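Please read this briefing alongside the sequence and the coordinates.

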Amino acid sequence: MRSISLRTSLVLLLAAATVLTFLVVGTSILLVRLPQVEQRSRTQAQLAAENVQRLLDRFMEGVEGQLQPLARLAGQGSAASLQAHLDALVAEGSVFDAVSLLDEEGKVLATGHDDSSDKRFMKNLEGMDFAGNSLFQALQAQRRASPQSRQTVWSDRYLSVLSGQINVGVALPAGRRTVVGEMPPERLLRLISGVQLSDEGAVVVIDRRGRGLATTQPIPQLPFHDYSDSSTFKAILQGGALPVYEVINGQSLLVGGTRTEKLGWVIAAGVPAGLSNYSYRVTLLLVLGGFAGAMLISLALAPLWAARMSQPFRLLAERAHRIARGDFSRTDARIGSIREFGLLSEDLDGMADAILQREAAMQRGEQRMKATLESTPAVAIQWFDIEGRVLYWNQASTELYGFDAQEAMHTRLDDHPLMFGNAAGVAGFLAALRDIGRTGLAVGPVEYELTHKDGHSVHVLASTFCIPGETEQPVFVCMDIDITQRKQAEAALRNNELKLETIFNASPAPMSVSDVRRAYRIVTVNHSWETLFGRSREAVVGLSGAEINHWLDDSDRVRFLALVQGQGQVQDFEAWCRSSDGRAILCSISALVTEIGEERLLLMMTVDITDRRRIELEIHQLNVALEQRVEQRTEELRLANLKLTETVDTLTFAQAQLVEAEKLAALGNLVAGVAHELNTPIGNGLMAISTLDERLKEFRRIAKEGMTYSDLQRFTEAVEMACSISMRNLQRAATLVSSFKQVAVDQTSSQRRRFELLEVVDEVLLTLQPTLRKTPWRVEVRVPQGLALDSYPGALGQVLTNLIANAVAHAFDDRASGTITITGAAVSDTEILFSIGDDGQGIPEALQKKIFEPFFTTKMGQGGTGLGLHIVFNAVTRVLGGQINLRSTLRQGSVFEVRMPRVAPGSEAARAQEP
């Protein structure tokens, strides 16, 4: 590491202190001030949004006030008498584009217009049916809920039927009539142009669908931006807490907002956050400017102060350097007025005197230590340096290892291994010296096996540690004690004990040894005894059988010990003993008292006979009760078989009933489809006829007053149009009835006839159209014309219906789109292949083998019965004489393939109904 001068260090210290102080103060200011700036900006945004909301609400109250007089007059006067009022409201042009009077059924009685309007067009609007308008329906719902209510109803933006433009509508009840006013939203939005938030902020008006309408800032992308995914828009619309920040077009904003009560529009205001905010930038720049000024001042003053402080320290450093070089002479140089520097100078003089005294004492101590080491007879001492060179070798080392001092001194172990014998031993010893030098920790006492000069092994107990040397390198001291004879004795004793212990533990019979003279306390137990009684050797050694609660009945222990004391041995003594978990064990115990050395021991062998006795008892009891059990089990099996037969019959009947119910449910869906599909063409025809009736009444009135050629031409055009509409819709209804009739006949019968595959597919899709229209799934048909069959169209239609319904119900969970594909092709002159596939989520491999089983469904309790695919399987294999297979891959979709003959085999009607 590069060193620096004291003066430079002091300069850096003073500069660092100044920087650190200002960093702490400046950071504290920013942590307090910046949140305040953001909170004030967020409050300004909220106030601006609320101001815009109040302006819009007051404007809408004014709009309602203009329509209130008309609503009061409309409840009593005729439509003709109110025309002038309607025209006046529209003619002013400042608010309304159109004002209409509707009767209680929603038909237009009169419509206001100005002089620039197409009066003929406005006249034709009278009598138009306004009942389907969402604004009129909302007011009717309010009337039904509260007949006495006079509350106004406002709409969001919608396409005006009268003007053909996007307007905002307001509806007022006028007795049983309704007054509807329409105005462009731009007239409402011009109000916010006077609201000022700041030069950087903006207020945006958003409709309920999330589309930006207007803004107070001329930013092109803001008014027409789609805010439907904005977290601020969602929070305001739902009445929740606003987010802390909102990112729009890559810019972070502090937001506020509210919602208008009448239109439900969202008023959102945003102010830039972070460095884009003016107040935020000014605060940050002020703090940074203060930081730069403090740095300049500290860098100017720090060198002057550092020079004054470093001069006394330089003199003291020179004095310390002279002492380190061995110059202990005193100096008269003035240190300065700082007391600590004066004390340090006095300490340096005292240290020089102490060093002189200690050098003399060290010389005397070295002489005494050398005399002591040479006179030690039992401890071999050697000194080594870090490279393994012998620095000292006493007489005891010569006697222990055979190498004299002259031979060993100054020898490197790499050149001559001495007592280490070989290079591997030397390498291990040198590695240990490096570890001691690195850590400073002593090693030992540790046993080593070394080599005498004559080749025999020497066992030593060695300790190694380091002491300071005369140079910077440490000196490593090894102190060895000869333990060769002790190791030999220990090895012999350990060998004998190992043999006895091996025989004792290898015995399969549980055995224990107790000390007779110590109240039969346990000395040891073998592994079999530990396994039998669940007690470890460490837990029982030193305790008696009574203390470990070994005997289940203490009287058995007393009798056993009496036999031992009287006879000296016991054979096959039966008694109940207790394991560590409290389990009772019936044991056969044999024991022998013997003396080993000065000890009197009791050897016990225990055999577990619990299972043997239990088995004997169980065999006896089993023989007694076996015949009775056989009779009882025979009767139980007979009753169980009877109940099982009844249950199977009941389940078979229930399955058949459920299959019938599933088919009737499909017929119910067919009826619902018929009603829904016929409603549209019949309703259109009825509307055309009713319009023609009104035109006829008007034509008769004109004929009485005087008819022109243009009146006759208009009447004939109206008659021609009404007839055309009625004819097209009645033909459509007839086609639907014919198709539905054919499908119904096929579904409810088992008649066999000739038909084309595409014809049945079209008829089935026609019946399923009301259901499919409500879903986002798309059906593609790839069946060519000309695939003629002689088969059962009812069963085939049931297969198509169930497979399409199965795909709609299961294939597209959590999907916003999907495609169902129906394909057909001729395999040969006698067979065709058609399939119904989807690009949905697929079927797991584990479920593919179960899908045709009855009552198997993944949506049990959610409308699924588990019989749809079971009916498909039976219809294909039993009625149509074909085969059905499934191919499915997870997240790629499923395909049901049906291979069937062009001419179906003979089939009875009842077979189609079988489950």
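The points below are grouped by topic.

This is a predicted model, in which local features need pLDDT of at least 70 and side-chain atom pairs count only at pLDDT 80 or more, while totals for chains, interfaces and linings use all residues. Residues are numbered from 1 along each chain as its sequence is written, and side-chain values use heavy atoms, with hydrogens and water left out.

**Confidence**

- The mean pLDDT (the predictor's confidence in each residue, from 0 to 100) of the protein is 78, and 79% of the residues score at least 70.
- Where pLDDT is low, the predicted coordinates should not be read in detail.

**The five-stranded sheet**

- Five strands form an open sheet in the order β2-β1-β5-β4-β3, with antiparallel pairing; two strands pair if DSSP finds at least two bridges between them.
- The edges are β2 (108–111) and β3 (153–159), each of which pairs on one side only.
- On average, neighbouring strands of this sheet are turned by 25° against each other, direction ignored; axes are lines fitted to C-alpha atoms, for helices over the stretch in contact, and angles run from 0 to 180 degrees between N-to-C directions.
- Edge strand β3 is joined to β4 (residues 166–174) by five bridges in the antiparallel sense.
- Arg-157 has Val-168 of β4 opposite it.
- Helix α4 (residues 134–145) lies across β1 (98–102), β3, β4 and β5 (177–183), and runs at about 30° to β4.

- Tyr-520, a residue other than glycine, has a positive phi near 60° and sits in the loop between β16 (511–515) and β17 (521–525).
- Tyr-520 counts as buried because its relative accessibility is 13%; buried means under 20% relative accessible area, exposed over 50%, and partly exposed in between (1.4 Å probe, protein chains only).
- Asp-572, also a residue other than glycine, has a positive phi near 50° and belongs to strand β18 (residues 569–578).
- Asp-572 has 54% relative accessibility and therefore counts as exposed.

Notes. Helix = DSSP H or I, 4+ residues; strand = E, 2+ residues; numbered from the N terminus. Contact = heavy atoms within 4.5 Å.
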